[in-house]
Structure formats: structure tokens, C-alpha cells
Amino acid sequence: MKGLFTQARSHERSVQLLMVNQFTINLGFYMLMPYLAAHLSGTLGLAGWIVGLVLGVRNFSQQGMFLLGGTMADRLGYKPMIVAGCVLRTLGFATLGLVDSLPALLAASAATGLAGALFNPAVRAYLAADAGERRVEAFALFNVFYQAGILMGPLVGMVLTGVDFRVTCLVAAGIFALLSVVQIRALPARRAEDATRQRSGEGPGVLAQWRGILANRPFLLFSVAMIGSYVLTFQVYLALPLEVRRLGGDDVFGTAAVAVLFAVSGLSTILGQTRVTAWCKARYEAGQALVRGLLAMGLAFVPLLLATAIPVPASGIGLWLLAAVPPTLAALLLALGTMIAYPFEMDTIVRLSGDRLVATHYGLYNTICGIGITVGNLGTGAALDAARAAGVPALPWITLAALGLACAAALHGLHRTGRLTAPPAAAPLHATT
């Protein structure tokens, strides 16, 4: 861990602050969100469809507003959007803990989602700008802090929710309030290179900018090819826990085995990300690293596929091992694939943008991948249901492995044709809308 902090201190002060900020953002978010559904259905006694609506509004407001959030960051500056997102999440989390009416809960949920849409593209564009030639290394460190927040947040939230969920909400809101103050006082102002022209009216309008990005074929192809990586990594929260509980049950063992999945995913990234990135950077071009990352994600489901050939024991240690070991190996390989791909993925987006409107590109990329995650999870759920109905437990694992291999093949094609290595020619953006 000492080496990680030494590497972080070698970057610009703004980059260091963004890394710590992201850890704190994820700490506050994940100490609350895993327990929100239980609060809504248990403490408030809301119907299941209402709980789904409240949670869905948060996801929709975030995914649907990423493009707008990125555009605002490019036009108004990165710092204002980061601060606005933190302030909005402060209000949203405090409201979630203090209200019980459906309109107020929906408004609070929408606010927390919009907050993410405001600061996520801005943070990544800011980090890319200030890291300069060290972007890949900076994003590797960024992912360490990101995963550390995900790992610690639920643990802190579990303790606070044991007292009262409202305490969890207020503490999370307090974290974001403190973070807002820190951003205002310590984060240097930073905006895109062409933001001044845009604000003065000399640059293209928003719609013209969006048309230019949509005409960036290599960027769109890359975004679509990378959807699979997000669908596959999300299975740590969907298919893998369901498989553990299918075989291991919902008792203490099942709960502990699911917790191990999350711990393996987070800890392996914290301990291995910078080493994996340095190893890959010394040997591969960005496109080659991306292909290998997707291959690792696809192969992550092979242990689960092989396990379906083993007769399921009725009980005992054999059943526990079958329920826990293949999903844990899958989680580890998914984490490894993400470690390989993520820093090069973030860097590739900047290069494909031609270093123009970087936050807007990140916003559109997040929206495309967010839609893909929704569709992919629906498909995964359908595959799980079909596997149970047909008595073919291998079906979902074959499907997910094939998705990983197909996306790796698509990335290989993009790399081989040079579409991931050179920025596209800037599209003419002379019209003002």
C-alpha cells in the first residue's frame, strides 16, 4: 500500500485530490445504496414495484443525463460540475433518510442519479487532462481508489444501518457535504481547451458538437464493443450471487460466500491493479491490452461452465465447495480482466476524442454502456430462467463466455485496422445551433 501512495504523490496535486475524491464518493454512495431497498420495503413498507420504481429512477436519471453532464463540463468547466454533483448528492441522500412520501423519495432518487451524471464525466476528463502522458498510470491508480471505496462503503453502511438507516443517510450526506467544501476550496479550476470559445459563442453549438461526436465512427464502434465488458463485470452483482445461493442456499454460508465474491473483486484490484497495468504497458499496445482484458472476462465463466459437469452433492463440504469456488474464481478473473482493460479503455476514449470535448465523449460512452448493461442484464436473467426451465445449467455461462469472446474479437478487429491507435480527423463543427 505504501507503494500506491508513493505513486499517487508523484502525480499533480489535482490528480491526487481527484483520486481521494473518488474514494470518498464511492464510500458515501456504497454505504447507503445496498441498504436502500431493504429500508424502502421494510421500514417504510412500500410495495415491491414502488421500490423498483424508486431505484429505477436513480439509474435512469444518471444514465440518461450522462451526455448532458459531460457537455456541461466541457462548456462550463470541470470543477463546477464536480461541486454541483456533490452538493446535489448531499441533498438527495439527506432527503432519502428524512422523508417517507413517494414524490419526495422519487425526487431524492432522481437527484442522486443526476449528481452522478454531473460529476462522473467531469472527474474523468479532469483526470485525463492533468495526468497528461501518464494517463494510463493515473487511471490505474484511480481504479484502486475507486474499488477501495466500493469495498469499504458497505462495511461502514452495515454498522450504521444497524443503528438506524436514517443515520446512514445523514452520515453519507455529511460526507458529500464535506467533499463539496473540499472541492470548492482545494480543487483548482479546470476546463476544456476550447471551453472559452464555446462560452463566448465563437464555437459550435451543443447540437453541432453532438452531431460531430456521433459522426466519430471509431469512437462509436469502440463504445459498442466495450458494452460486453460492463455486462460481464456486472455479473459479480447478478449471476454469480444467484449461482452461489442456488447451490449454497440463503443461510449464513450463502451470505458469507457472496461477501467473499465482493471481497475478492475489490481486494485483488487494490493489491494488483498498478502491477498489472505496468506489466501490460511494457508489453502491449492499448488495443492489444483491451483484447486480452476482454478475453480474461470471457474466460471467467469457464470455471462455472466446467462445474456444471460435476454432480451436485446433496450436502456437506462438497456442496459448499461447488457453490463457492467456481463463482469466486470467476470473480477473480473478471477483476483481472478489468485491471487489464480499464486504464487503456479510459485512455482510448481520450485518444479517439482527439482531445476535444473529452467530458462529452465520456458522457456519451457511459450512456451507451449503461443502456448495454440494462439490455445485457435482461438477457442474462432470461438465460438464467431458461437454464432452470430446461435443466441446462451451462446455458448462461456459455452465453456470457461467448459475449466476452465476441467483444474481444470486435476489439481485435478495431485494433488491427488502426481504429484504436490514431485519433480521427476532427469533424467540421462550423455550424452554431
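Leu357 is buried, with a relative accessible area of 3%, and this residue of the predicted model sits in the loop between α16 and α17. Its phi is near 50 degrees, a positive value in a residue other than glycine. Most residues other than glycine have a negative phi.

**The loop between α16 and α17**
- Asp355 is also found in the loop between α16 and α17, the latter covering 358–390, and its phi, near 60 degrees, is likewise positive in a residue other than glycine.
- Because its relative accessibility of 52% lies above the cut-off of 50%, Asp355 counts as exposed.

**Nonpolar cores**
- The largest nonpolar core has 117 residues, and those with the most contacts inside it are Leu32, Phe93, Phe222, Leu240, Phe301, Tyr362 and Leu411.
- Helix α16 gives the most to this core, with 14 residues.
- When residues up to four places away in sequence are not counted, Phe222 touches Leu290, Glu345, Thr348, Ile349, Leu352, Tyr365, Leu411, Leu414 and Leu420.

- Ile317, Trp320, Leu321, Val325, Leu329 and Leu332 make a nonpolar surface patch of about 570 Å².
- Trp320, which lies in helix α16 (residues 317–352), is partly exposed, with a relative accessible area of 44%.

**Helix α2**
- Helix α2 (residues 13–30) has 18 residues, which at 1.5 Å a residue should span 26 Å, and this agrees with the 26 Å between its end C-alpha atoms.
- Of the 18 residues in α2, 15 are buried, so that this helix is mostly covered.

Notes:
Residues are numbered from 1 along each chain as its sequence is written. This is a predicted model: local features need pLDDT of at least 70, side-chain atom pairs count only at pLDDT 80 or more; totals for chains, interfaces and linings use all residues. Side-chain values use heavy atoms; hydrogens and water are left out. Patches are made of residues with over 30% relative accessible area and no salt bridge: like charges are joined within 9 Å, nonpolar side chains (Val, Leu, Ile, Met, Phe, Trp, Tyr) within 5 Å. Accessible areas come from the Shrake-Rupley method with a 1.4 Å probe; for residues, only the protein chains shown count as cover. A salt bridge is a side-chain nitrogen of Lys or Arg within 4 Å of a carboxyl oxygen of Asp or Glu. Helices (H or I, at least four residues) and strands (E, at least two) are DSSP runs, numbered from the N terminus. Buried means under 20% relative accessible area, exposed over 50%, partly exposed in between (1.4 Å probe, protein chains only). The expected span of a helix is 1.5 Å times one less than its number of residues. A nonpolar core is a set of buried Ala, Val, Leu, Ile, Met, Phe, Trp, Tyr and Cys residues joined through side-chain atoms within 4.5 Å. Contact means heavy atoms within 4.5 Å.
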